[in-house]
Every structure is written in C-alpha cells, then in structure tokens.
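Please read them with the structure open.

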Amino acid sequence: MDKGGPGFDRMRTFVRVAERGNLSMVAKELGIGQSTVTRHLNELEEAVGVALLSRTTRRVTLTEEGSRYYTNCLQILRLVEQAAEEARAARQAPAGAVRLSCTAALGVMHVTRMIFDFQDRHPDIRVDLNLTDERIDLVREGVDVALRLGPLADSSMKLHAVGESQRLLVSAPAYLSARGRPERPADLSRYETIVMSNVAGSNQLPLSASDGTRLVVPVSGRLRVDHGLAAREALAAGRGIGPTHLWLVHDLLDDGRLEVVLADYRPSPVPVSLLIVPERAAVARVRLLVDFLAAEVAKLPGIRPS
C-alpha cells in the first residue's frame, strides 16, 4: 500500500463494494481474489482511520462515514481518470472500457453490429455489452451507458433522447388466410394476440387512428413471451397478431413473411433513450460511444427523431 495514503486501487475497490454490496461479485468483476478485496478494504479503513463498511454474512453496507467517503472517492477517481484521458489525448486515441447495457432484442438485431463498426473506428476501446430487458441500477451494476426503450423513471441519470420507435400490428399471411383479416380494432378480440408478459398492461392495446382518434382494445392470447425475439418468431410462425417495433420485423415485412394488419391504426410509439451515469459522461470514450449510438440508432427503420 502507498505509504501515507489509501491508494487509488483501494479506493476503486471500495467504490465498487459500496455500489454492489457484495465482495465476491466485486472480486469477479475486477478479476481479483476475494481475499484481495478484503485486504484492500482493511488497508483503506486503516489508512483513513474509521470504519467505512458494516459487514454481515449476507450484505456489506456503508457506515455514515463510509457514505461521505464514497461520495468523495467518486469525485477523486473521476478527476484522476479525466486527467489521464487528457494526458493521453495529446498523444494517442481514446482507450479503455465502456460498459453498455441494452434491451435484448435491439441489442441482438442491431446494436451488436453497430459496436463492430464503432470498434473498427476506435480499436483501443473495449465495449462490455450487457443485454437485458430489466431496468437495472446502472451505478450498482457498474454500467456507463444504457440504451432503453420506454418511459424513464430514473431522473438521476444524464439523458440523451434518441427518438421514438414506431410500432405497428403485424401477422403472417398464413394466419390471416386461415382466420381472415380483421377489419376494425374491435375484431382483434377474436384473434390470438402475441402478448408481452414483461410489459405492464399488455392485455390492453392502445391504438391511434390515422385521424388522431385514440382507443384501447382488449386483447388476449395463449402465448405470452418476455422477449422481443420470441415475439418475432411467434409472429413469423403464424401464431397470431401482435404489436411490434418496425426495427424488429422490417426484414420480415420486406420479404413477405409478415403483413401489416389494420394499417390505419398504430400502437403508441415508444421513446428511445440513452442514459449515462453522470460521473462517466465527461469521459472521452463514453462520449464517443454515446454520440455514435445516438446517430446510428436514429437511422434504424421506424425510429423517428424526438
């Protein structure tokens, strides 16, 4: 340990333990042994002279002094990283890791390929991509940026609005041939609807007519899924009708495997946003990825500028 001070590596370990509340998770994340994590914490507490963490068999929590020290550590480590980046910027391209979280279907269908292009332009930047439809705590999970669909509730993050994702009702030609085409929204109650189980209120389908009229139609179906790619497969297989994002099925519409149903009525569009942890927003490699993704996602089928 650095004589006379806590050392930045100890501070980084402490910050991650404070955010995750679990020593083994932090050890795995940092690629070190749990005994090393414990040693870092003990040395840090010895250096500052107070107990920073309260440990139980299941959980590690901050003491009152630890909470204040955590806030100061974040500011110090941010300044250290910014100073290093500014020093490197004069001589070389941005380097290091960016942790990105993205809704799963969008990530598989489009964002992964965007990252390929990004890394071709910036070969020294590593991107750790986490695909999940859960609304994770960015700070707790160590994520720098999250690309999300839908309304946002976390006002503590820095928001970069990308646009709105347009949706439409679709079905396979074979299903429509066997069951007939619905002529008005009320007819949907007689059809199988692919329902998203992880979307609140998915048994009620809000629609907007081309003349601006809004209505809500009850829908139901024997198949409920919690993943956009599963809904895509179900629709293509002729299992029913469903609301979907255009970017998710545009290729199936182009080759005739899916058709638009009730074209004069559209499900409500969904906001598309990039959330950035405020302490990470000024880091050069994070800014580069955010700007790149915002521009590329805006080009996807059905994404309309905010």
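1. The largest pocket. About 1,100 Å³ of space lies in the largest pocket. A pocket is found on a 1 Å grid over the protein atoms alone, as an open set of points where a 1.4 Å probe fits, with protein on both sides within 12 Å along at least five of seven lines; lining residues have an atom within 4 Å of a point. Grid points are joined across faces, edges and corners, and the volume is the space filled by probe spheres set on the points.

2. Basis of the notes. This is a predicted model, in which local features need pLDDT of at least 70 and side-chain atom pairs count only at pLDDT 80 or more, while totals for chains, interfaces and linings use all residues. Residues are numbered from 1 along each chain as its sequence is written, and side-chain values use heavy atoms, with hydrogens and water left out.

3. Lining of the pocket. Which residues lie nearest the centre of the largest pocket? They are Arg167, Met196, Val199, His245 and Val270, out of 44 lining residues. At least two lining residues each come from strand 3 (96-102), strand 5 (145-149), strand 8 (195-196), strand 9 (204-209), helix 8 (228-236), strand 12 (241-245), helix 9 (246-254) and strand 15 (270-276). Helices (H or I, at least four residues) and strands (E, at least two) are DSSP runs, numbered from the N terminus.

4. Overall form. The chain has ten helices and 16 strands. Its C-alpha trace spans about 80 × 45 × 35 Å along the principal axes. Of its 306 residues, 45% count as buried; buried means under 20% relative accessible area, exposed over 50%, and partly exposed in between (1.4 Å probe, protein chains only).

5. Helix 3. Residues 34-48 make up helix 3, which has 15 residues. From its first C-alpha to its last, helix 3 reaches 21 Å, close to the 21 Å expected at 1.5 Å a residue; the expected span is 1.5 Å times one less than the number of residues. The buried residues of helix 3 are Val37, His40, Leu41, Glu43, Leu44 and Glu45.

6. Salt bridges. How many salt bridges does the structure hold? There are 18, a salt bridge being a side-chain nitrogen of Lys or Arg within 4 Å of a carboxyl oxygen of Asp or Glu. Arg16, Glu19, Arg20, Glu29 and Glu141 are linked in a network of such bridges. Within this group, Arg20 and Glu29 meet at 3.6 Å, N to O. Arg20 is buried, at 12% relative accessible area, whereas Glu29 is partly exposed at 31%.

7. Two further pairs. Arg10 and Asp9 form a salt bridge at 2.5 Å, N to O. Arg10 counts as buried because its relative accessibility is 9%, and Asp9 is partly exposed at 33%. Glu64 forms a salt bridge with Arg68, with the closest N and O atoms 3.4 Å apart. Both residues lie in helix 4 (residues 64-89), four residues apart, about one turn of the helix. An α-helix has 3.6 residues a turn, so residues three or four places apart point the same way. Glu64 is exposed at 58% relative accessibility, and Arg68 is partly exposed at 48%.

8. A nonpolar surface patch. Val108, Leu129 and Leu131 form a nonpolar patch on the surface, with about 200 Å² of accessible area together. Patches are made of residues with over 30% relative accessible area and no salt bridge; nonpolar side chains (Val, Leu, Ile, Met, Phe, Trp, Tyr) are joined within 5 Å, and like charges within 9 Å. Accessible areas come from the Shrake-Rupley method with a 1.4 Å probe, and for residues only the protein chains shown count as cover. Leu131 lies in strand 4 (residues 125-131) and is partly exposed, with a relative accessible area of 34%.

9. Is Leu262 buried or exposed? Leu262 counts as buried, at 9% relative accessibility. Its phi is near 50°, a positive value in a residue other than glycine, and its place is the loop between strand 13 (259-260) and strand 14 (265-267). Ala237, in the loop between helix 8 and strand 12, is exposed at 54%. The C-alpha atoms of Ala237 and Leu258 are separated by 9.4 Å, with the two residues 21 apart along the chain.
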